[in-house]
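Work through these exercises with the model open. Try each task before you read its solution.

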2 protein chains.
Amino acid sequence: MAMTETARTAPDHGVVDGAPSVPPPLALTGSAPGLSAAEEARTLVAATNVAALATLTADGGPWASLVTYGAFDDGAPVMCLSQLAEHGRNLAGDPRASVVITQVDGPADPLAAARVTLAGRAERAADAATLADARAVHLASVPAASSYVDFSDFSLWILRVDRVRWVGGYGRMDSVSGKAYAAAAPDPVAINAATAIAHLNEDHADALLVIAQALGGYPDATTATCSGLDRLGIDLALRTPRGRAPARVAFSAALTDSSQLRAATVELTHRARAAADPL
Amino acid sequence: MAMTETARTAPDHGVVDGAPSVPPPLALTGSAPGLSAAEEARTLVAATNVAALATLTADGGPWASLVTYGAFDDGAPVMCLSQLAEHGRNLAGDPRASVVITQVDGPADPLAAARVTLAGRAERAADAATLADARAVHLASVPAASSYVDFSDFSLWILRVDRVRWVGGYGRMDSVSGKAYAAAAPDPVAINAATAIAHLNEDHADALLVIAQALGGYPDATTATCSGLDRLGIDLALRTPRGRAPARVAFSAALTDSSQLRAATVELTHRARAAADPL
């Protein structure tokens with residue numbers, strides 16, 4: 001994370017030798033604000049249709065299972081569960097539920113991937129209007145559900161979210177209220193960034209390195225890979241002689257759409273090259 | 001699944017129009033035994049290092065989170081969790097835990113993928129011998145953990161498995177005792193079958209179709225894709241004019257290693273072509 005993101009930094013781990021885990025920047029950089037944790041959470045939830053669900057068994061024990069979902073406009077996941085399956089019976093017995101949703105196409109190290117836990121109460125869609133909305137939202141996200149959504153043993157369950165915990169990877173995390181989660185929106189750039197990230201890393205490693213060195217606060221960076229893109233800027237994963245470090249660089253203006261990404265990264269590259277070689 | 005696998009078939013869903021979900025085979029085939037559910041479960045657990053963990057919050061609610069793990073020889077997952085993280089605090093408060101582990105490189109439809117839920121109690125590795133074993137097992141599976149496994153806020157937790165629920169995809173599922181799970185072993189062919197499956201589907205669709213028609217009980221199959229491989233045989237996903245159906249065909253002898261897979265599928269193809277055209 002960038003220096004400006006201290007609010008998101010995890011408490012220090014109990015480091016045995018007293019050394020900091022991440023080398024600090026060597027140059028001051030301008031402010032590089034990121035998405036709010038609520039936006040990060042909404043983006044993760046909007047980007048896929050698979051979650052792991054935690055429910056309570058009859059004796060109050062935890063039970064983990066795989067589910068698919070769509071999401072309402074307020075980010076509430078809509079699941080379609082059979083009463084013949086343990087998770088369906090569990091929710092019928094106790095509506096408390098939690099889901100964890102993981103970044104799609106994330107980094108090879110699973111704990112470097114972003115993920116979000118939503119916790120709250122699952123409510124069975126009952127009245128006709130809610131049922132119709134829930135059915136449409138679920139089917140839009142999970143087309144295969146058309147083959148079982150109308151089976152009599154299946155119900156649509158809406159997870160009303162009370163509490164959110166977002167983890168953006170190592171050392172980036174925050175808690176979000178249900179209200180803030182519902183009020184936020186998915187980031188229009190981050191939600192489909194995987195292809196652009198792969199392209200930058202495959203074809204523009206040199207530009208990323210100059211951006212990291214000239215604008216990211218790490219003039220000693222030796223390699224830089226793009227780890228994230230959103231409407232406000234670019235996240236980089238750096239190697240330096242002092243160890244690995246993350247950096248973030250803001251775009252000159254917030255984007256409103258993925259189609260603006262190419263121009264924005266070209267502008268960053270020009271700005272970085274000009275800063276690196278002002279003559 | 002094949003006709004012989006009725007023990008694994010789910011109870012019928014409450015189908016609204018009374019039609020069966022899957023067209024039955026049109027020809028009798030020989031017995032095509034599959035892996036036991038315990039073997040399927042052990043194979044899924046051995047094939048990756050990422051799980052979703054369900055724990056209990058202080059007020060007894062469910063909490064879903066992402067974890068990495070290695071597994072002991074009896075299949076017990078070993079997780080490395082921080083007490084600064086909610087799941088670590090949860091386990092310290094109540095050791096009941098469950099993980100769900102999902103097939104790697106599974107089909108596009110998430111609910112067609114295999115997954116397994118393990119439930120039991122998490123035990124903090126405490127004595128020196130257990131701690132050393134747990135550390136070695138975790139690091140072998142999660143090399144990145146070397147950067148934090150010795151932080152003082154991290155503990156190694158062993159999930160002692162009491163109960164297992166395996167779901168192989170639509171309509172294939174079974175429960176397994178903790179004892180049967182511990183006594184089984186991962187399948188040496190299925191654990192690394194993704195590349196072979198992709199190869200069969202890309203380059204040998206014609207052979208798969210003949211196998212399905214001549215040996216799989218579906219002479220009316222119009223397309224066949226390989227959905228699974230294990231030491232005992234091949235799973236196929238078929239389209240027929242009567243709808244989609246799964247089929248399973250046994251190898252002539254059980255394999256002991258992935259290196260035997262090529263010869264076994266060639267033999268199946270020859271056998272199928274001979275049966276289809278006996279002249």
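**Exercise 1.** Which backbone oxygen lies 2.7 Å from a polar atom of the side chain of A:T43?

*Solution.* The backbone oxygen is that of A:E39. A polar contact is a pair of N or O atoms within 3.5 Å; within protein, one must be able to donate a hydrogen and the other to accept it, and residues adjacent in sequence count only if both atoms are side-chain atoms.

Before going on, note the ground rules. This is a predicted model: local features need pLDDT of at least 70, side-chain atom pairs count only at pLDDT 80 or more, and totals for chains, interfaces and linings use all residues. Residues are numbered from 1 along each chain as written, chains are lettered from A and ligands numbered from 1 in written order, and side-chain values use heavy atoms, without hydrogens and water.

**Exercise 2.** Describe the surroundings of A:R42.

*Solution.* Step 1: A:R42 also lies in helix α1 of chain A. Its relative accessible area is 5%, so A:R42 is buried. Step 2: leaving aside neighbours within four places, its contacts include A:F72, A:D73, A:Y181 and A:P186. Step 3: the backbone oxygen of A:D73 lies 2.8 Å from a polar atom of the A:R42 side chain. Step 4: the C-alpha atoms of A:R42 and A:I191 are 9.4 Å apart, though 149 residues separate them along the chain.

**Exercise 3.** Why is helix α1 of chain A largely enclosed by the rest of the structure?

*Solution.* Step 1: nine of its eleven residues (37–47) are buried, so the rest of the structure largely encloses α1(A). Step 2: the buried residues include A:A37, A:E40 and A:V45. Step 3: they pack against β2, β4, β5, β6, β7 and α4 of chain A.

Technical notes
Buried < 20%, exposed > 50% of the residue type's maximum accessible area, 1.4 Å probe, protein only. Helix = DSSP H or I, 4+ residues; strand = E, 2+ residues; numbered from the N terminus. Contact = heavy atoms within 4.5 Å.
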